[in-house]
Amino acid sequence: MNRRTALAGLTTAAVALTLGACAPSSDSPEPGAAAGEGCDGEAVALDVWSWRTEDVKTYEQIFDVFEEANPCITVNFQAHLNTEYDQILRTGLTGSDGPDIAQVRSYGLLQPLIEGGNLEPLEDLVPALGDFDQAILDGARSREDGAVYGVPLATQTIQVYYNTAIFEENGLAEPETWDDFIALNETLLEKDVTPLAVGARDGWFVPTVHDALTAAQYGGADFQQALRDGDTDFTDPAYVDSLQTFKDLQKYMPDDVTGVPYTDAQVLFTSEQAAMFAGGSYEQAFFQEANPDLDLGVFQVPPPPGSALDHPVSAGYADGNWGLSATTEHPEEAETLLNWLATPEFGQLVADELKQFSPIPGVEFSDPLQQEMWDLYQENPAPYLLLVDFRYGDPVGTDLMGEAGQKLFLGDADAEQAAGIIQDGLSAWWTPGE
Amino acid sequence: MNGRRTAALPTPVALLFLLPAAALFAVFVLYPMATALTYSLFSWRGTAQEAFVGLDNFVALLTTEPYRSQLPRAFAHNGLLFAGAMVVQNSVGLLLAYALHKRDRLRRLFQVLYTMPYLVSPLVVGYLWSLLLSPLFGPVNAALRAVGLESVAQPWLGDPDTALWVVVLVTAWQWVGFPLLIYGAALGSLDPTMEEAAMLDGASSRQRFWHVTLPMLLPVIGTVSVLTFIFSMEAFPIPYALGGSNGSPAGATDVMSLLFYRTAFNSGASNAIGISSAVAIVLFVVIVGVSVLFTRWFRHVERGLT
């Protein structure tokens, strides 16, 4: 029995180890089997991978438009579970049966694929990239050679949503000044409505809320530039002040906020028990689906007195790109598809059908709320700082802010110590000015 | 177990029968293990393997941030999960098994009921408990308030002082059926005359449990302990469901598998594969090492008793 126990120990431990090894597999179906109708030459099927399992039907309809115009190319769209996607893609691109074109992450999390030589640089292949906003292209840029390795797919903006019915009932309006903002929070608190629906148990959500509420206070893009130039770091008084403001706003959030999961914060807002939700543009579709009667408005939080900026901002970031596999067997056809993915026609389909912000120039949004979020961002953009510039090493900035913010809310750290957690963590791989 | 016989050399036919299992074992266990080991000895640039660096990844794991502080913290949490499982899950399992052992009619029913949670995926169990314990909508706090225990209601998963113990309790809730079944089977196989003899000598039921039954269960307790150790060191789905990949709140539920997951799939570091493979190897070595030592020590204790 004892020997068996030891053996059981060995095997179980070994199974744990297999987690660590991602060996390439070779059992995907053969592409190119189905020939397109009305094709004169040789029909080619392209494998396109995505992490959007919820959008498979919509994407298939979108690619039907492409296939009609290009009868010799069939798009074989496959989605993998979001949480497993990075591992599957890494395996696929290093093996022989990977995709021709794949949705890839942005900024730091894209770098492993670029560094591994799994993706092709695209500026020469897709001329339309020259028309994109430079800040958005940064999401697809290589840290090493500065080349662009993806066609940007979507942009997310971060702002505050509010329930217009609750605002009207209590005689409230969108805040013009910081005092307005505090006053409306106080009014809601008196009326027993949770002002801000926040869930800080999910660490990733904490930096989103922080930037939605205080990006203008620490200086948005100016602060980003100062970090890049090496003029300051996260212990900067402006950044510490923004964390203090974040802590001061805790009284307008649900009690025991570090125990509240993100999904409960969503429900708090959609069930009309909370008046405001600080979050990304990606929330809109869920909010409207969860409660079709919900009447939504959005605003940017005005900066408190003494802020680095004198105007409010929306933080934003590039969320996903289309990358070209370095080992594709159909480079010409893949190039044709990639160029189509950079056209306003595709961008408009993304906006209309997927309700996402396509960053392709010339796209318009039919939904007024969506258009408003986009306009606010265009007027006063800011980077979603910790995601945009601080995911190029380990630990990533957003994780550090998650931990620092939780300690701040728990009272285990003050604003200065919280800033110190972020700065110390990042100093493992980042030096200001580099 | 004692009568050791020299095994005859396997015949070619026997080898043939071993082949399928051996092949599966080689492909699905040995090969990935060897790969992980080699991965950890190289430096990586994204997905591209670079130079052989010997033990550099392990040195980095022990000497550079964030690993230098996260690795011991995660190990300590795994250790607490193990201690908690021994105290809560295994002792409750043993007591339940002992109580059920004496009841012929309801034993089956309760065994089935107590083992039911294991049929549910641990990830689902984790998410269900996270809903139950939510400070806003969770029925646990609502029930406590309803019966006037307002002061006991806690942000269970939001407080670093309680979060890890919630992980222990949820894990125990799911797995208590495991020691229950093993101890139940062991109790069933014990010779009842021993206990009868003790009873005739006037031993109380408590004395009979402590001085007769428990020593006879010692080999099984050893097995259950080693397996519990392995499960505790590998804990992933329940901590992940209750605290996310960062071990919220503020790292209070961070464990080794989460550290591995973060370094492997959620890091922007170039050498993520090298470092995360080193984490996997360290975990493997600790599990095997402690399991073997513990098994030996236990065998020694057993011998002392007989």
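The model is predicted: local features need pLDDT of at least 70, side-chain atom pairs count only at pLDDT 80 or more, and totals for chains, interfaces and linings use all residues. Residues are numbered from 1 along each chain as its sequence is written, and chains are lettered from A in the order in which they are written. Helices (H or I, at least four residues) and strands (E, at least two) are DSSP runs, numbered from the N terminus.

**Interface**
- On chain B, 56 residues are in contact with 61 residues of chain A (C-beta atoms, placed from the backbone, within 7 Å).
- α1 (12-40), α10 (205-234), α12 (256-265) and α13 (272-305) of chain B each give at least two residues to the side that touches chain A.
- The largest share of that side, 12 residues, is from α13(B).

**Helix α18 of chain A**
- α18(A), residues 415-426, has 12 residues and reaches 17 Å from its first C-alpha to its last, close to the expected 16 Å (1.5 Å times one less than the number of residues).
- Its buried residues are Ala415(A), Ala418(A), Ala419(A), Ile422(A), Gly425(A) and Leu426(A) (buried: 20 or more other C-beta atoms within 10 Å of a residue's own; exposed: 12 or fewer; partly exposed: in between; C-beta atoms are placed from the backbone).
- They cover an arc of only 135° around the axis, so they lie on the same side of α18(A) (the arc is that of the directions from the helix axis to the C-beta atoms).
- The cover over these buried residues includes α10 (237-248) and α17 (397-410) of chain A.

**Strand β5 of chain A**
- β5(A) pairs antiparallel with β9(A), residues 314-318, over 4 bridges (pairing needs at least two DSSP bridges), and Gln156(A) has Tyr317(A) as its bridge partner.
- β5(A) also runs antiparallel to β7(A), residues 274-280, with 5 bridges; here Tyr161(A) stands opposite Phe277(A).

**Backbone features**
- Cis peptide bonds join Glu65(B) to Pro66(B), with omega about 5°, and Ser248(B) to Pro249(B), with omega about -5°.
- Ala250(B), not a glycine, has a positive phi of about 50° and is buried, with 25 other C-beta atoms within 10 Å.
- Lys355(A) has phi near 60° and is partly exposed, with 18 other C-beta atoms within 10 Å.

How values were computed
Two residues are in contact if their C-beta atoms, placed from the backbone, lie within 7 Å.
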